[in-house]
Amino acid sequence: MRRHTWRATVLASVVVAFFFVPVIWTVETALKTKVDAWTLPPKWLFTPDLSNFASALFDHGFVTYLENSAIVAAGTVVVALVLGSLAAYGLERFRFRGRESLFFAFLLAYMIPEMSIALPVYLLATQFNIIDTYWLLIAMHATFATAFATWMLRGFFAEVPREIEESALVDGASRLGVFLRIAIPLAAPGLVATAVFVVIFSWNDFPYALVLSSVNTETLPVAVGTLKTPAGTAWGEIMAVTTIAFLPTALFALLVQRWLLRGLTFGAVK
Amino acid sequence: MGFPDSLPAARSSRRLAAHHTALTGVAFVAPATVFLLVTLAYPVVYLLFHSLFQENFARPELSSQFVFLGNYVSLLGDPRFWNSVRVTVIFVAFAVSIELAIGLGVALLLQRVDRGRRILVALLLIPSMMMPIAVGLMWRYMFDDGYGMVAYYLKALHVLGPGGLIVEPLLVRPITALAALIVVDVWEWTPFMALILFAGLESLPDEPFEAAVVDGASPWQQFRFITLPLLRRAVAVAVLIRIADAMRVLDIVFSMTNGGPGTSTETVQLYSYNLGFGAFNTGLAFAQVTLVLIATLVVSRFIYRAIARQQEPLA
């Protein structure tokens, strides 16, 4: 009764294409000369031109912003994966008082709006003189990333067979040894998928970066909105940066396609 | 066979072992917990405390005055606060229900696709992977009245412009500006909704449908009386996650309208930012954040329960 039809395939393709049009338009605008970009009716076919990319990267200093974003994302992924995998394993494999509350607390940590925490952290960081440092941004990104990683990885650790771990324990391995040498390798695909999501979250984050970064650590999402020329908003350059920013994300997303849904729902939907 | 379990010595050693494993579990969870206590719990305690004072956000070193719940009273009497709540509620209600309706349609459609499903799913997820701030900029460009692609085609169809359904430029009138934000959220997140519901559809058992066909049920009856009831847990999880996300919308608002025209699209999160970095009123900002945290707590509780229920096997 689940009729698979070519008509449905065509219709679904049309729907997907419709959702895809803005993405195509972004890339096209990035590749247009100023003249083509201002032409009405909108030009769908034109001679591509790379000057927007060159201008954004070299004249507007986006190489630096790309570097800053990459440093913060890399730091975040290390902190979140180490803390998150330990916590997920502890919550999945052991029963102790307060376990349920901790699960909920981690969910809450993931759900709290970034701006709500960014405001008090801004005042605290100013007092402690750590504002506009990589460490501060990494710590705050790692806060929701650790909570996310804990929820996400818990499902992957649950799929590691207990029998293998128990036989290693009988053979005299320590709990930490079992975690490092059995659970981690067996949950490796989950760790990769989680890492990809953490990188994307950190890479795309705007609220923390807006409030907590400045000249030394400004990341891509904050910088892209400030792209202006004397003639007004530099749309060509903005679209070029958007395209550049999206490339690694798209690549990563394809890499973990199997676990995308799981990641977007912090492991709730498999 | 060893000693019977009831022997006191065996029982106490097992209890000792259980105690030991519990401690190991705590040790595994401790690093992340301590980290979150520093980066999250500490700022929360700090903001709760300072919501009781009158302070300058830009000059926190200046003298502060204890006003107890005064900030909360001023906040609840501030029309701009209620405006931001109203804007956010409208945004969430429209965005999430449109996403659910279209998402369900797309999910049912995907189920009937015979070829290239993987590619379609991969392409569908692209909007939700894009940098939200860039998504907002991209749509602002397309909505622009002078050179925007969307505005151009709406004018060509006589929807926009003099004599059309919408007379003034899209981001200039409060109602169309808010509608534009909803359109962007729908674009970003309908695919996500579709894919959760699609996964839910794929996991439904075949038997009820086979029985219904035997009993001569129409496709609509099958959908209404079998698909929908069986899908309700997946729907609950998807809708709740979307509500929580839409409640904290900031990036696309910041880059598309920045709350304007006036404060007609100022959402709760943008209001938080403006209280801090616009009005420099620490106490008022933190009182508002406290209310936001309470709302987050309530919604998270619902999500937690929905996830727990979804992971039970279907009855």
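Trainee: Is B:R242 buried or exposed?

Mentor: Buried. B:R242 has 1% relative accessibility. Keep in mind that this is a predicted model.

Trainee: Which residue does B:R242 meet in a salt bridge?

Mentor: B:D245, at 3.9 Å, N to O. Both lie in helix α10 (residues 219-247) of chain B, 3 residues apart, about one turn of the helix. B:D245 is partly exposed, at 25% relative accessible area.

Trainee: Which residues are linked with them in a network of salt bridges?

Mentor: B:E99, B:D185 and B:R248 join B:R242 and B:D245 there.

Trainee: And what do B:D145 and B:K155 do?

Mentor: Their side chains form a salt bridge at 3.5 Å, N to O. B:D145 sits in the loop between α6 (132-143) and α7 (149-156) of chain B, and B:K155 in helix α7, so the pair ties together parts 10 residues apart in sequence. B:D145 is partly exposed at 29%, and B:K155 is partly exposed at 32%.

Trainee: Switching to the interface. How many salt bridges between chain B and chain A?

Mentor: The count is 0. The search over all chains finds 12 in the whole structure.

Trainee: How many residue pairs are in polar contact across that interface?

Mentor: 9. Helix α1 (residues 8-50) of chain B gives the largest share of chain B's side, 19 residues. That side divides into 70 nonpolar, 18 polar and 11 charged residues.

Trainee: What area do the two chains bury?

Mentor: About 9100 Å² between them, 78% of it on carbon and sulfur atoms. B:F28, B:M129 and B:Y141 supply 9% of the area that chain B buries against chain A, more than any other three residues.

Technical notes:
Residues numbered from 1 in each chain as written. Chains lettered and ligands numbered in written order. Predicted model: local features only at pLDDT ≥ 70, side-chain atom pairs only at ≥ 80, totals over all residues. Heavy atoms only, no water. Buried area = accessible area lost by both parts, 1.4 Å probe. Salt bridge = Lys/Arg side-chain N within 4 Å of Asp/Glu carboxyl O. Polar contact = N/O pair within 3.5 Å; in protein donor to acceptor, adjacent residues only side chain to side chain. Helix = DSSP H or I, 4+ residues; strand = E, 2+ residues; numbered from the N terminus. Nonpolar A, V, L, I, M, F, W, Y, C, P; charged D, E, K, R; others polar. Buried < 20%, exposed > 50% of the residue type's maximum accessible area, 1.4 Å probe, protein only.
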